[in-house]
Amino acid sequence: MKIDNYIQNINLEKHSSLIIRKLKKSEHEAWNTLIKSHPQGCFMQTSIWADFKEIEGYKTWRYGLFCDHELVGGCIYYLYPHSNQANLLFTPGGPILPEINPDLGMQLLLAKGEKIARSQGAIALRIEPLWTEKPNYLQGFVRAPADLLPSETLLIDLSPNLDNILAAMKPKGRYNIRLSQRYQVEVKFSKDSQTIPPFYDLFWETVERQDFFAEPYGFFINLCQTLFKQDMAEIGLATCEGEIVAAILVVYCGHTATYLYGGSNLLYKQMMPNYALHWQAIQRAKMRGCQFYDFYGFTNDPKHGYAKFSQFKRKFGGKHIKTIGAHDYFFYDQLADTLINLFKNLAVKENE
């Protein structure tokens, strides 16, 4: 489907009170406020996260939807430039659409995405909104083969008092929290960069044990130093018998605290330091005014890669949430050009 057909051959930017334009630097804070207050707001759509991704080598484009000069939606587009393969424009945790005319907002963002894609050689726009149902106006989008954000998660409701949050957990969860207290597991949260090395040591130890993909040390240096300055993240360390034995990284964005990464020393597993860490993280999130603690990745499928982690997370109770996942809109002209160029490059290499 061509963009011209998708937007019904009208210039949406001129024929609607809803307009799209690039966000000015002075408007970045207003954008962050919108993301943090929106029910489907995601930390990956904040200008702070975009700053971090730019340090990592990504290109970003920050666009807002305005109605009568009021910022009502938009998205941050990301792209990591590849010289020898097809590029993909994507907007993790987005877009954010206005309540009035969300379909028109989506059309504007798609049209803008196509312009960016053409200038960067991208073949598709991938969106990952935190929606639980796919609306009709995404008819031109197809389910993506992979998600950047987990399409399933477990949310702990922080609105009850702490006694009721504890009572809503599985009995084994409450027992393990009390067990960590009997073992006198100490937990400390900090935005000090000195916590990054011990966190990463435990993270990497867990990576090797579980055999999953891991970001390099420099990734966490860039992430933490960017988010720490904005009071948007903390590292929690659990200590047993004077030894740091477990660690988690929590990201804060508006009404949600998200458990993003973690690691532990298996030798101290019986002291339940991970339970102590998450129970303290839940309490800290509630004190900050968060409405939810997001365990970020969950499944009920015993064959899924998240199955082992999910067994642990399930003991904290919570509500299983499933979103529509990542969806792609292909720019077929750009896709054809990219494939032709790839085949040409292959032919040249074979003849060398």
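Colleague: Which residue forms a salt bridge with glutamate 114?

Modeller: Arginine 118 does, and the closest N and O atoms are 3.2 Å apart. A salt bridge here is a side-chain nitrogen of Lys or Arg within 4 Å of a carboxyl oxygen of Asp or Glu. Before we go on, this is a predicted model, in which local features need pLDDT of at least 70 and side-chain atom pairs count only at pLDDT 80 or more, while totals for chains, interfaces and linings use all residues. Residues are numbered from 1 along each chain as its sequence is written, and side-chain values use heavy atoms, with hydrogens and water left out.

Colleague: Where do glutamate 114 and arginine 118 lie?

Modeller: Both are in helix H4 (residues 102–120), four residues apart, about one turn of the helix. Helices (H or I, at least four residues) and strands (E, at least two) are DSSP runs, numbered from the N terminus.

Colleague: Is glutamate 114 buried or exposed?

Modeller: Buried means under 20% relative accessible area, exposed over 50%, and partly exposed in between, with a 1.4 Å probe and protein chains only. Glutamate 114 has 16% relative accessibility, so it counts as buried. Arginine 118, at 43%, counts as partly exposed.

Colleague: How many salt bridges are found in the whole structure?

Modeller: The search finds 10. One of them joins aspartate 328 and arginine 126, at 2.6 Å from N to O. That pair links distant parts of the chain: aspartate 328 is in strand E14 (residues 327–330) and arginine 126 in strand E5 (residues 122–128), 202 residues apart. Aspartate 328 is buried at 3% relative accessibility, and arginine 126 is buried at 16%. Salt bridges that share partners also join Asp51, Glu54 and Arg62 into one network.

Colleague: Which buried glutamate has no salt bridge?

Modeller: That is glutamate 215, whose nearest side chain of opposite charge, lysine 53, is 7.6 Å away. For charge, Lys and Arg count as positive and Asp and Glu as negative; His and the chain ends are not counted. Glutamate 215 is in the loop between helix H7 (196–210) and helix H8 (217–229). Its side chain makes a polar contact of 3.0 Å with that of tyrosine 261. A polar contact is a pair of N or O atoms within 3.5 Å; within protein, one must be able to donate a hydrogen and the other to accept it, and residues adjacent in sequence count only if both atoms are side-chain atoms.

Colleague: What is the order of the strands in the open sheet of seven strands?

Modeller: Strands of a sheet pair through backbone hydrogen bonds, either parallel or antiparallel. Here two strands pair if DSSP finds at least two bridges between them. The order is E8-E9-E10-E11-E12-E7-E13, with mixed pairing. Strand E8 (186–190) and strand E13 (319–322) stand at the edges with a single partner strand each, so one side of each has no neighbour in the sheet. E10 (residues 243–253) and E11 (residues 256–264) run antiparallel and are joined by eight bridges.

Colleague: Which strands does H7 touch?

Modeller: H7 packs on the sheet and touches strand E9 (233–240), E10 and E11, its direction making about 70° with that of E11. H8 lies across E8, E9, E10 and E11, running at about 115° to E9. Contact means heavy atoms within 4.5 Å. Axes are lines fitted to C-alpha atoms, for helices over the stretch in contact, and angles run from 0 to 180 degrees between N-to-C directions.
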